Amino acid sequence: MPNHNITRHIEALVFSSSQSIGTQEIILALNAVFNEEFTEAQVFESIEQIKEKYSHDDLSIELVFLNNGYQFLTKKDYHETVNQLQLHRSKKKLSQAAMETLAIIAYRQPITKLEIEQIRGVNSDYSVQRLLEKELISIDGKAETPGRPILYSTSTLFMDYFGLNNLNQLPQLKDIVKEENAVGENVE
């Protein structure tokens with residue numbers, strides 16, 4: 001089947017993927033369907049064609065490289081409209097406790113539940129369970145400490161949800177902490 005248009009197949013793969021999809025996943029799918037070997041160069045050429053197609057102003061979505069893969073996202077002009085929909089879907093909203101727990105995991109990963117609880121000062125069973133259910137965190141193995149507690153880290157869905165390519169893009173704590181919240185004198 002040498003006359004197939006892989007660009008449309010790649011477009012369908014990106015569209016149907018609930019998370020960003022990498023070039024290697026695309027190549028594996030194409031190789032399986034067409035029973036031939038595709039190269040990264042062929043995929044990149046098709047990706048560029050798809051980006052060009054969706055760059056026109058008459059479309060509300062665009063192809064974006066995110067978290068080492070590709071995903072269709074709403075263009076910035078439509079964020080407020082989509083935000084209104086998200087506000088009405090409050091069942092997916094995270095509680096303050098879950099957001100605190102997620103922030104601790106994001107900045108200190110991999111981390112055990114005991115360490116999370118020591119930082120927060122309260123039991124975090126429910127928050128950790130909710131974050132696992134929402135697939136914003138994942139189990140990252142077991143610690144080498146007595147009792148071998150479970151280690152938690154952020155997931156690829158976390159990266160997609162917050163629009164991050166890597167954890168270095170998280171805001172630095174020094175950028176968040178305001179001077180009026182500081183206690184004591186700043187000594188240099």
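Predicted model: local features only at pLDDT ≥ 70, side-chain atom pairs only at ≥ 80, totals over all residues.
**Briefing: surface patch, fold and a buried serine**

Met99, Tyr161 and Phe162 make a nonpolar surface patch of about 320 Å². The protein has 188 residues, 31% of them buried, and its secondary structure consists of nine helices and five strands.

**The patch and Tyr161**
- One member of the patch, alongside Met99 and Phe162, is Tyr161.
- Tyr161 lies in helix H8, which covers residues 156–161.
- Tyr161 counts as exposed because its relative accessibility is 60%, and the cut-off for exposed is over 50%.

**Ser127 in helix H7**
- Helix H7 spans residues 125–133 and contains Ser127.
- Ser127 has a relative accessible area of 6%, and buried means under 20%, so Ser127 is buried.
- Leaving aside residues up to four places away in sequence, Ser127 touches Ala97, Ala98, Thr101 and Arg120.

**Overall fold**
- Of the contacts between residues at least 6 apart in sequence, 45% join residues at least 24 apart.

**Surface of the whole protein**
- The accessible surface of the protein is about 13,100 Å².
- Carbon and sulfur atoms account for 52% of that accessible surface.

Notes:
Residues numbered from 1 in each chain as written. Heavy atoms only, no water. Helix = DSSP H or I, 4+ residues; strand = E, 2+ residues; numbered from the N terminus. Buried < 20%, exposed > 50% of the residue type's maximum accessible area, 1.4 Å probe, protein only. Contact = heavy atoms within 4.5 Å. Areas by Shrake-Rupley, 256 points an atom, 1.4 Å probe, with all protein chains shown as cover. Patch = residues over 30% accessible without salt bridge, like charges linked within 9 Å, V, L, I, M, F, W, Y side chains within 5 Å. Salt bridge = Lys/Arg side-chain N within 4 Å of Asp/Glu carboxyl O.
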